[in-house]
Each structure stands twice: as C-alpha cells, then as structure tokens.
Protein chains: 2
Amino acid sequence: MEVRTRLNRERVLLAAVSLADGEGLDALSMRRLAQHLGVVPMALYKHVANKEQLLDGMVEVLVAEIDPPLVGTDWRTAVRARVLAARRVLRRHPWARPVLETRVVVTPAVLGYLDQTIAMFRAGGFSDDLTHHVMHALGSRAWGFTQELFDTPTPPPEDPAVLVALAHAFPNVAAVAAASSHDSSAVDGGCDDQAEFEFALDLMLDGFARMHAQGWTSRPG
Amino acid sequence: MEVRTRLNRERVLLAAVSLADGEGLDALSMRRLAQHLGVVPMALYKHVANKEQLLDGMVEVLVAEIDPPLVGTDWRTAVRARVLAARRVLRRHPWARPVLETRVVVTPAVLGYLDQTIAMFRAGGFSDDLTHHVMHALGSRAWGFTQELFDTPTPPPEDPAVLVALAHAFPNVAAVAAASSHDSSAVDGGCDDQAEFEFALDLMLDGFARMHAQGWTSRPG
DNA sequence: GTCCCGAGGTGTACTGCGTACACCTGTCGT
DNA sequence: ACGACAGGTGTACGCAGTACACCTCGGGAC
C-alpha cells in the first residue's frame, strides 16, 4: 500500500502488540501479523526466531510500559504502587495474562522487573530469605494479576428455573454470590475485580510486614 | 487390536487423561486420542461436542480425584487439608494447571468443589461478604496451584561468565537466589515448591483468621 | 422372522496454523 | 563495477480442529 519502510524487530513487536490489543490473542498468528505489516509470513522469521520469541518480545514491550519504581518511600508503598502499575498495564493489554502464564524462559526485561521488585523488599530491610519466600507468595500478583477460579463469573442463565436449580444444588455458592451482588462497589451483580485484587494484595502485604517485624526465618530453630 | 468395546463419554475422558498424563498436554490432540482408542478422529465427536468440552470433562475426572472434605474440624484445618488435597491431585496431573487456567465455563463438577470450599468458611462463621473476598484472594490457590513468576527457575547457564554477568546486572535477584539455595529444604539450588506453597497458603489463612476475628466488613463504615 | 431406525463409527475434505528450505533482490563497502 | 549478505519471497509439508455425508449394526415393534 504505502511506502514500506524496512522491517525490524521493534516494528514487528509493536505490530504484534497492536494486533493482539485490537483483535485478541487468537487473532495473532504469524500469517495475520505479516499481512498487517504488508509482508509475507516468512519475512517475520528474519526478525524473530519463532512465535515463542515473538511473544517474549511482546512481554518486553509490556514491561517497558510499567511506571518506574517510586523512590524514597517505604517498601510497602513502593511495592504496592509498582504492583498496581503493572496491573494497569496488564489491563490495557488483555492478551498479556495468558502470554505471561505461558512464558517459559526468563528474558532480561522480566528479570529486570523482578530485580527492581526484589530490591524494594531488601531496601526495606527484609532478609534475603524472607524476600525469597515473599516473592513466591506474591507469584503472579507481582504482575498485577491473579488466576481467578474461573474467568467468566457464571454467566447468568436465561432460564430462571435453571438458576433456581443451581442455587439449590450449590447453596453456598449462591449465598456468597448473593452477598457480593449487594456490595455497593459492584456494578451489576458481578464483583469489583480491582477491589478484590487490592484486598488480596493488602492481605499479603500485611502478612509480609508482620513477618518482617517478627524477624521471621525459614529455619524455625 | 483387541475386542473393541463400545466407546462412551467416560472411556473417552479417561483415555484423554491417561494420554495427557503419559505424553503431555501437547500430545493430546483429537487425532492422537482417537488413535489411542483405536478409532477414527470424528468418532470422538459423538461423545464430546468439541475439544473444549473434552478438556472440561477431563477437569471433572480431576475433581473426582480430590479427597472428600474433612468433617468435624475447624474451618482452617478443613480448608488447609482440602487445598493440599487438591494440590496432590494437580501434581499427579501436570497438564491440569494449564487446562484449569484456560477453562472458561464453570461446570457443575467445579461448582461442586467451590461450593464445598465455600461451605467450610461459612461453617466457620465467616460472613458471606468476607467469604466472598476470601475466595477471591485464594484464587487459583484453592486448586492447589500458584501462578509462579516463571516456570523454569532460570536454568543455570553453562558458561559461568554468563552467570557472573547476570549476577552483576540483576544483583537483587542474584542475592535472593543465593539465599534460597542455602535453604536446607531445597534440593539442588532450586527451591521447595511445596514449602513455598504452604508458606503462602498459611499466610493467607492467618490473614483470613485475623479479619474474621475482627468482624471485617467490605463496607468500612 | 422381518423391518426399520437411530446411535455410533467412517471417509473425505476444508481451512488455518507454524515454519523449513531454496530462491531472488536491492544496498552498501570496497 | 562488483560481490556479499541482509532482508523479503514462494512453495510446500505436516498437523491441528472439525463440518458433512455416508455406512453399519443391534435391538425393539409388528
């Protein structure tokens, strides 16, 4: 179509991100990506080794979008802000979660992010031992997402009779679901993801603070 | 080969589980599954609607393997035991985590599991409100797994020079990794997944207990 | 005993995927 | 002016999931 500037790794990665943003992860095939770039599929392989490395590269782009760490605050504020910053990025790019979940090699960009997060705990006086456990406990929450029990929160069935039957078969689920839809923060019977996320995050941060204060050690001698 | 008994949904699901157990999730294609059953691929579609529902069915099989809930104990013991029971099942079936992560509809089997777990909190006197938040906070941990930051714990590079360079570039990661490999519970420089899991689980259960004791409510009025 | 009907198994075919491999082409250092 | 080589091309292969038309039995109704 237009004047086709030379391809390069960055152009490929940005196009991939934009395609995944716009049309979803399923639409991101090497073929479709090439088409978007006005190029033949195999041309991409001159810039990324394979699809796996394309996805790795997309994660690089992602990480670069996360706001830089706060400086000059206590560990808790810093960690909380950083995690929520990561979360904002992930929410802008819905494809990011499944992609992160399936990464298998740790790229330097990812290592850099982890390093900065770890640095916050260490700067806050956490022992390396405790920091290690704490990072594991955070798990994917350090990226700003949680694996929910299920993605779609039980699409309400058309037939009210079905709903009644469900409520009968699973009374506890029903009761709790009812409680959550009375919640003021919820929009329409669903629940507020952000509030749930922060609830759990603060729960963990509280726990971390307490253990830190008590001089916790993995060797309970 | 042998006398081919009639196919049915259960035989298909069990064969799928066994194939995934033995050869990994990647090897589980409709074609290969059919082959294992001595049948043509399209025959499977008489018993499951499509691959997605095959995977849903495999989760049913999984859930059925989880030990039944303890009765007559406090909520904390019951929840802890149940989650660890789920974890044992998941560890027997490495394919289960990625499959659970990608499920999109909630089948009755899954709802049943959730219902039982929710019941434990409610029986322990948790408000429906708190129970709701607590279940979200548990997230995938209720299934006995956590999304780790990355799967393979940084395969140690052959070249020691690379390792030194990495340690230089990411000093905090390096320090914490070093601390974890001194840990007695770790085997060979890696870290003990089970210990990390229980650490985080107990952290959350502690938090839950504290909030419950304080009569926590989502309306901080 | 005959017949038919429907559940269950078959065969063929389509689209789309990732990517190997051989090839062409335009640019730049000499 | 030329050769090398980075970057774009074309063709092809194997594997996926699955639509659709077909065949084949085994068992109930008469």
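Modeller: A polar contact is a pair of N or O atoms within 3.5 Å; within protein, one atom must be able to donate a hydrogen and the other to accept it, and residues adjacent in sequence count only if both atoms are side-chain atoms. The model is predicted, so local features need pLDDT of at least 70 and side-chain atom pairs count only at pLDDT 80 or more, while totals for chains, interfaces and linings use all residues. Residues are numbered from 1 along each chain as its sequence is written, chains are lettered from A in the order in which they are written, and side-chain values use heavy atoms, without hydrogens and water.

Colleague: How many residue pairs are in polar contact across the interface of chain A and chain B?

Modeller: Chain A and chain B bury about 5,600 Å² between them, buried area being the accessible area (1.4 Å probe) that two parts lose on being put together, summed over both. Of this area, 65% is on carbon and sulfur atoms. Salt bridges between the two chains number 0, a salt bridge being a side-chain nitrogen of Lys or Arg within 4 Å of a carboxyl oxygen of Asp or Glu. With both residues at pLDDT 80 or more, the residue pairs in polar contact number 8.

Colleague: Which residue forms a salt bridge with A:Arg76?

Modeller: Side chains of opposite charge can pair when their charged atoms come close. A:Arg76 lies in helix 4 of chain A and its partner in helix 10, 130 residues apart. The N to O distance is 2.8 Å, and the partner is A:Asp206.

Colleague: Is A:Met42 buried or exposed?

Modeller: A:Met42 is found in the loop between helix 2 (30-36) and helix 3 (51-65) of chain A. Buried means under 20% relative accessible area, exposed over 50%, and partly exposed in between (1.4 Å probe, protein chains only). Because its relative accessibility is 56%, A:Met42 counts as exposed.

Colleague: What percentage of the 221 residues in chain A is buried?

Modeller: The cut-off for a buried residue is a relative accessible area under 20%. By that rule, the buried share of the 221 residues in chain A is 45%.

Note on methods
Helix = DSSP H or I, 4+ residues; strand = E, 2+ residues; numbered from the N terminus.
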